[in-house]
Amino acid sequence: MAHVTINQYLQEVYEAIDNHEGAFCSELLSFKHPHVVNPRLQLASPEEKCQQLLEPPYDEMVAAHLRCIYAVSNHDFVEAYKFQTLVVQYPSWRTRVQSLSHTHTLTHSHTHTHTHTPVINSGSLLDLTSFLRAFQSHKEENWALPMMFTVTLDLRIFANNAEQQLQKKGKGQPGEMLEKAAEQLMSCFRVCASDNRAGIEDSKKWGMMFLSNQLFKIYFKINKLHLCKPLIRAIDSSNLKSDYSPAQKVTYKYYVGRKAMFDSDFKPAEEFLSYAFHHCHRSSQKNKRMILIYLLPVKMLLGHMPTHQLLRKYDLMQFADVTKSVSEGNLLLLNEALAKHETFFIRCGIFLILEKLKIITYRNLFKKVYLLLRTHQLPLDAFVVAMKMMQLDDVDLDEVQCILANLIYMGHIKGYISHQHQKLVVSKQIPFPSLSTVS
């Protein structure tokens, strides 16, 4: 395939489509397949050849794919993204290509106006536009789902690569191309979700979770997590939600768990992320580590501390001192650990979540005071002393009362503050409830 002629390649595409061989056809449109490095297929204008051998709209889709290959061979990911989008979009791509060619000419003849010329997504647009029209025409059949998986995955990857290329040149707005790519993926998602006529085996709804996962990746990248809600509702209401492939379910649970974590819904977050971790393939150490980065903070907030063995196995020793400090109620060590690994925690997007561990650390510190004094009437001054031992020298009685009030409100301490006697009066039965029963 790395050395076939354009006619041989198009003949293979024609036969794959004619025989409804979705999996093979998806390979012929995938940038993971060796045909993309074939110089014979790196054509700047493949439209006429495609029209001779393929029926519409497949001629448009394959022509867009070939133009995308040409753009990639020239390391022009912006142009590649443009043509990959036309593989997915609705309008006729021929009009788009003429417009793009005109824009391209203007750009080169008037270079001083280039920065003011809007970016039009040619190649990627071609593939998806053409694919959607073909996909919708397949009534009560879903043999083309593998093709959809391929062209939408490549679209997201090219959008990301194109955005990085533009950013290096100081052009474009952050997230702009990924947002446009998300709009195309949503068009595919709507087609799949609205397929109510076909039987289960032939339903396009089998593509919903894959598209949701691709959209999750974009929404997390551009920090628009609220857009995940409609997708989650659609999957939760689907009668296929338990029948998707294990890999798709692991990815889905991972992102839904992360969203729950950011929404402070820690118990659902633990459930989803735990599912993703335990069902992730044992050989996928990198993915299991990525899941743990978000599962560990959730577990700690619920009172379950990871072992050193687990942290060493997945190279996550950044959490070692955090775990130790929370367990011991050592605020000084916690602050040091967060400061030491601040860059890592911020890059992973969990620094603010780990900051919430401070309230758990206060709880564990104050529990030590209770165990030392062995009384259910605890003088507030004792807590001030404990805080000063953590080198929090500016802490006064008012701040201690505020922290205690929060702990009581959150259910971490059963009791009340007696302002008259300046004491914390705790319950004689389970004054410090288990974190897993509270959070």
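Helices here are DSSP runs of H or I with at least four residues, numbered from the N terminus.

**Figure 1. Overview of the predicted chain.** This is a predicted model. The chain carries 23 helices and three strands. Of its 439 residues, 51% count as buried. Among contacts between residues at least 6 apart in sequence, 65% join residues at least 24 apart. Mean pLDDT for the chain is 88, with 90% of residues at 70 or more.

Figure 2. The largest pocket holds about 930 Å³ of space. Its lining comprises 34 residues. Five of them lie nearest the pocket centre: Lys217, Tyr254, Tyr255, Arg258 and Met290. At least two lining residues come from each of helix H8 (145–168), helix H10 (208–221), helix H12 (246–262), helix H14 (285–301) and helix H18 (342–348). By residue class, the lining divides into 16 nonpolar, eleven polar and seven charged.

**Figure 3. Serine 30 in the loop between helices H2 and H3.** Serine 30 sits in the loop that runs between helix H2 (22–28) and helix H3 (47–53). Serine 30 counts as buried because its relative accessibility is 11%, and the cut-off for buried is under 20%. Its side chain reaches the backbone nitrogen of lysine 32 at 3.0 Å. Leaving aside residues up to four places away in sequence, serine 30 touches His35, Val36, His65, Thr150 and Asp154.

**Figure 4. Asparagine 213 on helix H10.** Asparagine 213 belongs to helix H10, one of the helices that supply at least two residues to the lining of the largest pocket. With 4% relative accessibility, asparagine 213 is under the 20% limit and so counts as buried. The asparagine 213 side chain reaches the backbone nitrogen of tyrosine 252 at 3.4 Å. Residues up to four places away in sequence aside, asparagine 213 touches Gln248, Thr251 and Tyr252.

Methods: Residues are numbered from 1 along each chain as its sequence is written. This is a predicted model: local features need pLDDT of at least 70, side-chain atom pairs count only at pLDDT 80 or more; totals for chains, interfaces and linings use all residues. Side-chain values use heavy atoms; hydrogens and water are left out. On a 1 Å grid over the protein atoms alone, a cavity is a set of points where a 1.4 Å probe fits but cannot get out, and a pocket is an open set with protein on both sides within 12 Å along at least five of seven lines; lining residues have an atom within 4 Å of a point. Grid points are joined across faces, edges and corners, and a volume is the space filled by probe spheres set on the points. Ala, Val, Leu, Ile, Met, Phe, Trp, Tyr, Cys and Pro count as nonpolar, Asp, Glu, Lys and Arg as charged, and the others, Gly among them, as polar. pLDDT is the predictor's confidence in each residue, from 0 to 100. Buried means under 20% relative accessible area, exposed over 50%, partly exposed in between (1.4 Å probe, protein chains only). Contact means heavy atoms within 4.5 Å. A polar contact is a pair of N or O atoms within 3.5 Å; within protein, one must be able to donate a hydrogen and the other to accept it, and residues adjacent in sequence count only if both atoms are side-chain atoms.
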